[in-house]
Amino acid sequence: MHAILAEGPNKLTWREISDVVPHPGEVLIKVSAAGVNRADLLQAAGKYPPPPGASDIIGLEVSGTIAGLGDGVEAWSVGQPVCALLAGGGYAEYVAVPAGQVMPIPDTVDLHHAAGLPEVSCTVWSNLVMTAHLAPGELVLIHGGASGVGTHAIQVARALGARVAVTAGSPTKLELCAELGAEITIAYRDEDFVERVRAEGGADVILDIMGASYLDRNIDALAPDGRIVVIGMQGGVKGELNLGKLIAKRAAVIGTALRGRPVSGPGGKSEIAAAVVDNVWPLIADGQVRPVIGAEFPIQQAQAAHELLASGDVSGKVLLRVRD
Ligand SMILES: NC(=O)c1ccc[n+]([C@@H]2O[C@H](COP(=O)([O-])OP(=O)(O)OC[C@H]3O[C@@H](n4cnc5c(N)ncnc54)[C@H](OP(=O)(O)O)[C@@H]3O)[C@@H](O)[C@H]2O)c1
């Protein structure tokens with residue numbers, strides 16, 4: 001089979017490698033498309049090694065059809081169209097994945113476009129609902145509203161009955177966020193998000209991708225009993241936390257990462273994938289949530305896809321087509 005290998009800085013190459021085989025409890029997927037994630041850029045640069053036991057091929061999500069089953073897998077059958085959350089291995093013709101991380105394709109979604117759903121859906125549901133317990137009527141501030149994660153988070157939060165504020169860097173991105181359901185759109189380059197959100201009573205939940213550079217201002221933007229979930233560190237890893245402000249608001253700062261979670265057990269990837277199928281797929285099927293695809297490339301052009309995501313000149317998900 002073929003897969004993308006990181007053969008040096010900025011050098012992603014489509015090469016022939018050994019076939020992958022499913023181990024007991026795994027499903028073999030013949031990949032139709034793979035989603036590109038910001039974490040893939042870090043891995044390609046040698047800054048985000050895969051967790052122990054995971055494939056060292058880049059790629060955290062795919063869609064495709066089931067091509068084989070490891071021993072003990074009964075819930076799936078060969079030929080079924082599926083998508084899956086991976087710990088690695090997605091930029092390839094075939095990938096093996098624990099059965100609990102495999103999901104059906106939501107009704108109404110094209111097989112290729114489904115490759116852009118597992119990471120964003122599992123990230124959004126696990127953070128907004130399972131971690132931050134976002135409730136109807138609450139205000140959620142989503143930083144980077146036009147990102148892959150942000151475009152999904154806006155729609156899910158709205159479907160849950162929450163009010164949505166977003167930050168983004170350009171008018172075009174802010175327009176997209178508004179079209180997806182964001183009520184308060186903040187041009188972070190020109191406006192102070194703390195002021196805008198405080199004028200609305202403060203955010204009950206903040207989904208943060210910036211980390212250190214936004215930590216203090218995020219706490220300022222919170223409502224009493226607010227929860228900040230940090231999922232990205234684009235603005236650095238070390239910040240100063242003013243505990244006085246935190247205590248006064250009875251606030252929480254929580255950090256989470258999907259990739260390193262265990263496959264099974266409480267809070268594991270299988271539990272999250274099952275919750276997504278139960279709760280998010282019906283929202284997609286009835287049109288409340290749609291995949292937002294910003295660009296598609298043939299897998300052989302993975303390097304160009306990475307460069308586009310790194311440039312910030314794209315909204316929603318970037319996909320790699322492996323087969324037609
Ligand atoms: N912890 C986890 O489990 C997990 C899982 C998935 C993703 N993530 C993280 O979530 C983030 C989004 O992932 P993605 O794949 O959706 O990435 P992406 O599409 O590349 O989005 C990155 C976004 O960051 C925004 N941004 C840059 N500077 C900003 C600032 N100062 N304020 C607000 N937004 C800013 C950019 O928006 P503008 O162009 O508008 O500036 C861009 O839309 C990444 O940091 C990723 O690592 C974490």
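Helix α3 is mostly covered, since 9 of its 12 residues are buried, where buried means under 20% relative accessible area, exposed means over 50%, and partly exposed lies in between, using a 1.4 Å probe and protein chains only. This is a predicted model, in which local features need pLDDT of at least 70 and side-chain atom pairs count only at pLDDT 80 or more, while totals for chains, interfaces and linings use all residues. Residues are numbered from 1 along each chain as its sequence is written, and side-chain values use heavy atoms, with hydrogens and water left out.

**Helix α3 and its surroundings**

Helix α3 covers residues 148-159 and reaches 17 Å from its first C-alpha to its last, close to the 16 Å expected at 1.5 Å a residue; the expected span is 1.5 Å times one less than the number of residues. Helices (H or I, at least four residues) and strands (E, at least two) are DSSP runs, numbered from the N terminus. The buried residues of α3 are G148, G150, T151, H152, A153, I154, Q155, V156 and A157. What covers them includes α2, β8, β9, α4, β11 and β15, with contact meaning heavy atoms within 4.5 Å. Just after the helix, G161 takes a positive phi of about 90 degrees.

**The sheet and the helices on it**

An open sheet is formed by 6 strands in the order β10-β9-β8-β11-β12-β13, and their pairing is parallel; two strands pair if DSSP finds at least two bridges between them. At its edges stand β10 (184-187) and β13 (252-255), each of which pairs on one side only. From one strand to the next, the twist averages 15 degrees. Strand β9 (residues 163-168) is joined to β10 by 4 bridges, and the two run parallel; within this pairing, A165 stands opposite I184 in β10.

Helix α4 (residues 171-180) packs on the sheet and touches β9 and β10, and its direction makes about 165 degrees with that of β9. Such angles run from 0 to 180 degrees between N-to-C directions, and the axes are lines fitted to C-alpha atoms, for helices over the stretch in contact. Helix α2 (residues 118-131) lies across β8 (139-142), β11 (203-208), β12 (222-230) and β13, running at about 155 degrees to β11.

**Nonpolar cores**

A nonpolar core is a set of buried Ala, Val, Leu, Ile, Met, Phe, Trp, Tyr and Cys residues joined through side-chain atoms within 4.5 Å. The largest one has 45 residues, and those with the most contacts inside it are L128, V140, I154, V164, V166, V276 and W281. Helix α2 gives the most to this core, with 5 residues. A second, separate core of 37 residues includes V27, V62, I66 and V95. Leaving aside neighbours within four places in sequence, V164 is in contact with several residues, among them V140, I154, A157 and I184.

**Salt bridges**

A search of the whole structure finds 13 salt bridges, each being a side-chain nitrogen of Lys or Arg within 4 Å of a carboxyl oxygen of Asp or Glu.

| Pair | N to O distance |
|---|---|
| R163 and E200 | 2.8 Å |
| R321 and E296 | 2.9 Å |
| R321 and D324 | 3.7 Å |

R163 forms a salt bridge with E200. Because R163 lies in strand β9 and E200 in the loop between α5 (193-198) and β11, the pair ties together parts that are 37 residues apart in sequence. R163 is partly exposed, with a relative accessible area of 24%, and E200 also counts as partly exposed, at 36%.

R321 forms a salt bridge with E296. Here R321 lies in strand β15 (residues 317-321) and E296 in strand β14 (residues 293-298), so the pair ties together parts that are 25 residues apart in sequence. R321 is partly exposed at 28% relative accessible area, and E296 is partly exposed at 35%. R321 also meets the side chain of D324 in a salt bridge, and D324 is exposed, with a relative accessible area of 86%. Elsewhere, E7, K11 and R15 are linked in a network of salt bridges.

**Residue S270**

S270 lies in helix α8 (residues 269-279) and counts as buried at 18% relative accessibility. Not counting residues up to four places away in sequence, S270 touches G100, Q101, V263 and S264. S270 and M103 are 167 residues apart in sequence and 9.6 Å apart in space, C-alpha to C-alpha.
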